[in-house]
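User: I'd like to learn how to read strands, helices and cores in a structure. Could you walk me through some of them?

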Amino acid sequence: MQDVMGIINLNENEEMLREITRHRPLAAVPFAGRYRLIDFMLSSMVNSGIQNVGILVQQKYRALMDHLRSGKEWDLARKRDGLFILPPAQAKPSGYKGDIENFYNNLDYITSSRQQYVLLAGSAMVCNLNFRKAFQFHQNSKADITMIYKEQELEEADLKHSTIIECSPNGRVIDIAVNPAKATSRKVSMEMYIMSKQLLIDLVTASAARGGTDLLIDGILKNLGQIQISGYQYKGFMARIHSIPSYYKHNMELLKSDKWHDLFFKSGPVYTKVKDEAPVKYKESAQVKNAMIANGCVVEGTVENSILFRGVRVKPGAYVKDSIIMQKCEIGENAKVENVICDKDVSITAGKWLKGEDNYPMVIEKGTVI
Amino acid sequence: MRKKECVAMILAGGQGSRLGLLTKKIAKPAVPFGGKYRIIDFTLSNCRNSQIDTVGVLTQYQPLALNSYIGQGSAWDLDRKDAGVFVLPPYTREQGAEWYKGTADAIHQNINFIERFNPNYVLVLSGDHIYNMDYAKMLDYHKTQKADATISVIEVPWEEASRFGVMSAAENGRVTEFQEKPASPQSNLASMGIYIFNWKFLRRHLEEDGRNNASSHDFGKNVIPKMLDEGHRLFAYPFKGYWKDVGTVDSFWEANMDLLSDEPQLDIFNPDWRIYSVNPTRPPHYIASGAKVTSSLISEGCSVFGEVDHSVIFPGVYIGEGARITNSIIMPYVHISANAIIDRAIICKRSVVEEGAQVTWFGSSLMPSITVVPEHIVIEREVQYGPEGVIIKKQVG
């Protein structure tokens with residue numbers, strides 16, 4: 001894998017996650033108690049032996065920079081290679097047009113990297129994937145591009161945020177449908193592509209020259225006749241975060257211990273920024289059932305079917321049910337929250353009751369005091 | 001090297017033989033403590049939080065775990081340019097090699113290291129005490145008193161005073177008398193083994209002590225009494241707060257249990273005084289539907305299906321359904337199978353307790369002692385118990 005560089009492309013649709021992406025890119029959205037979404041892809045790449053990772057960022061990436069810093073936690077603070085942040089060349093008043101421009105502006109980095117292959121991925125797919133097998137598959141298949149997919153039934157809500165592929169019996173990708181209305185196959189693209197670096201450079205420059213804006217549509221889809229694409233099936237845990245309900249659902253899924261185990265222990269460890277919090281303190285009055293709790297929390301009340309991020313305080317008599325409580329929130333005495341997502345630094349003062357709907361959790365924005 | 005105002009030297013070479021099985025394979029400062037830390041984390045974090053950026057760690061006994069744990073010191077923010085943490089084992093010279101013969105000798109053998117930084121002051125610390133302390137305040141006190149040496153002291157109950165080195169001090173803090181483990185103590189101010197010396201003053205005394213073949217080269221026994229006899233300015237710095245020497249299995253267990261009261265004296269949750277340690281890279285822990293957890297500390301990567309009360313659980317521990325753990329310390333990656341019962345025990349890392357097995361005190365005395373299960377051991381259900389605790393049948397991994 002020394003010959004593969006990773007590019008994490010943060011050209012991702014955040015529209016449906018507005019409440020929790022106002023201050024941060026999707027890649028920096030907190031997930032699973034102590035992580036940010038990007039940790040999963042970064043860790044997968046690093047654990048697969050990739051040592052050179054570029055991150056194509058869009059606007060409001062301060063939170064992401066703060067999280068990544070030197071890349072040391074992912075073992076990417078290196079003398080050669082390591083972590084590179086690839087910002088847009090300039091902020092354009094006309095707004096964002098697509099990822100081709102971003103790739104094009106950062107071609108220097110891509111060209112001068114010494115690896116011959118590139119792995120493209122996003123941050124919205126939460127998984128713990130060893131790319132070594134996929135890369136071997138790519139080299140054996142002699143295809144120009146390998147797309148990684150997962151077979152699953154999609155609900156309509158998921159479908160319109162997904163890319164579906166169709167394969168011929170010999171594994172060639174023969175059709176790609178972006179955000180389709182109807183499913184033509186069960187093969188959902190994980191938006192991860194392995195190809196030679198030269199092909200990526202060619203696709204980007206050719207699309208840019210013809211006014212193309214989107215790598216998938218203008219670079220890959222339009223050339224489906226000329227390039228050979230094969231599909232590689234991934235069978236492990238995968239969660240696609242594209243909306244508040246999907247964010248909520250996939251967090252909660254990790255309360256099933258087999259899923260928790262699948263994501264965190266089947267492949268390599270998942271790295272993240274270290275906060276040096278103390279272990280969780282359960283006081284005498286604590287009552288906890290079916291919960292995932294990160295270090296630094298102090299629990300005096302009741303927690304059920306919920307996820308607590310680092311440094312949360314649950315005061316005596318407080319009741320947290322079916323909720324996601326992010327970093328450093330405080331749930332006051334005898335307060336009750338149910339079906340709620342509290343963003344960072346939220347304080348629910350004593351005695352307040354909050355309840356979201358079963359199918360759509362209530363989101364409390366960062367720093368709110370209720 | 002840039003000149004440093006103060007260099008810290010942490011004595012971390014002791015065997016800690018009274019900790020028995022806990023220190024069979026690792027030095028005492030590297031023994032896990034408090035659900036995610038190692039004992040030395042408290043001293044290293046105190047240095048970091050007191051803005052002391054140059055730290056020597058003197059190792060000797062079983063140094064592998066400790067050396068690799070400290071590494072470059074980045075966990076404590078001590079990987080710095082022209083400063084940082086330096087592990088200092090004994091080394092060979094032209095005239096042969098010598099082990100560290102005592103606390104003072106360990107510093108004496110590292111005079112060259114300290115001279116590189118040309119400091120005004122040297123802070124001598126132990127790597128095996130649990131406490132949070134701002135050394136910067138002690139240094140201020142040392143400077144205000146124009147002292148040659150300052151010794152940090154803590155009030156202990158009179159009946160325990162004979163276990164410590166005790167100081168008598170005048171109204172202004174000047175030390176008038178020092179007794180090492182006296183039968184009938186004159187004071188209940190115990191030395192915490194924390195000293196600040198003017199470097200030139202200390203250097204002279206270490207060299208003198210080094211030439212004295214009758215000396216056992218120990219700060220408490222030889223160097224401090226001699227300084228006092230010669231009439232130098234020694235001051236006692238009164239420390240208030242939690243401080244514990246975890247020298248025995250009982251005191252180690254107690255210090256862990258001290259963290260479990262609802263409002264413990266030692267605050268490990270203070271965001272302005274973090275206790276830094278090497279991170280195990282584990283996900284948040286999981287508490288299952290049938291589990292019950294009260295008055296406990298639980299760290300990352302654990303899965304808890306059973307019952308945990310008044311216990312300290314380190315990272316990566318598995319606790320099966322129906323298992324019951326009380327008043328115990330469970331170290332990293334221990335596997336406790338379903339329906340096992342554990343009370344007043346310390347289970348060292350990566351051991352396995354099989355289904356339905358019991359690790360408890362079966363002796364008859366009114367004061368039950370703590371059962372220690374060493375690392376990499378399987379406790380089987382049919383295991384035999386004796387008055388000394390568990391008899392082990394086989395080893396794993």
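Analyst: We'll go through strands, a crossover, a helix and the cores in turn. First, this is a predicted model, where local features need pLDDT of at least 70, side-chain atom pairs count only at pLDDT 80 or more, and totals for chains, interfaces and linings use all residues. Residues are numbered from 1 along each chain as its sequence is written, chains are lettered from A and ligands numbered from 1 in the order in which they are written, and side-chain values use heavy atoms, with hydrogens and water left out.

User: How do I read a sheet, and which strand order does the open sheet of five strands in chain B have?

Analyst: In general, strands of a sheet pair through backbone hydrogen bonds, either parallel or antiparallel. Strands here are DSSP runs (E, at least two residues; helices are H or I, at least four), numbered from the N terminus, and two strands pair if DSSP finds at least two bridges between them. The open sheet of five strands runs E17-E20-E23-E26-E29 in chain B, with parallel pairing. Strand E17 (292-294) and strand E29 (358-359) of chain B sit at the edges with a single partner strand each, so one side of each has no neighbour in the sheet. Three bridges link E17(B) in the parallel sense to strand E20 (residues 307-309) of chain B, and Thr294(B) stands opposite Asp309(B) there.

User: Is strand E8 of chain B mostly covered or uncovered?

Analyst: Check the accessible area: buried means under 20% relative accessible area, exposed over 50%, partly exposed in between (1.4 Å probe, protein chains only). In strand E8 (residues 121-126) of chain B, six of its six residues are buried. Tyr121(B), Leu123(B) and Leu125(B) point one way, while Val122(B), Val124(B) and Ser126(B) point the other. E8(B) pairs in the parallel sense with strand E1 (residues 6-11) of chain B over six bridges, with Met9(B) opposite Val124(B). Its pairing with strand E13 (residues 189-198) of chain B is antiparallel, over four bridges, and Leu123(B) faces Ile196(B).

User: What kind of crossover leads from E4(B) to E5(B)?

Analyst: Start with the pairing: E4(B) and strand E5 (residues 84-88) of chain B are parallel, over five bridges, and Leu58(B) stands opposite Leu88(B). The chain passes from E4(B) through helix H2 (residues 63-70) of chain B to E5(B) in a right-handed β-α-β crossover. Right-handed means that, with the strands pointing away from the viewer, the path from the first strand over the helix to the second runs clockwise. Five of the five residues of strand E4 (residues 54-58) of chain B are buried, so the rest of the structure largely encloses this strand. E4(B) also runs parallel to E1(B), joined by four bridges, with Ala8(B) opposite Val55(B).

User: How do I check a helix?

Analyst: An α-helix has 3.6 residues a turn, so residues three or four places apart point the same way. The expected span is 1.5 Å times one less than the number of residues. For the 13 residues of helix H8 (residues 197-209) of chain A that gives 18 Å, and the end C-alpha atoms are 18 Å apart, which agrees. Buried residues in H8(A) include Leu200(A), Leu203(A) and Val204(A). After H8(A) comes Gly211(A), whose phi is positive, near 80°.

User: And which residues touch the most other members of the largest nonpolar core?

Analyst: A nonpolar core is a set of buried Ala, Val, Leu, Ile, Met, Phe, Trp, Tyr and Cys residues joined through side-chain atoms within 4.5 Å. The largest has 77 residues, and Leu44(B), Val55(B), Phe252(B), Ile268(B) and Ile346(B) touch the most other members. Its largest share, five residues, comes from helix H8 (residues 249-258) of chain B. Apart from this core lies another, of 50 residues, among them Tyr282(A), Val346(A), Ala291(B) and Val334(B).
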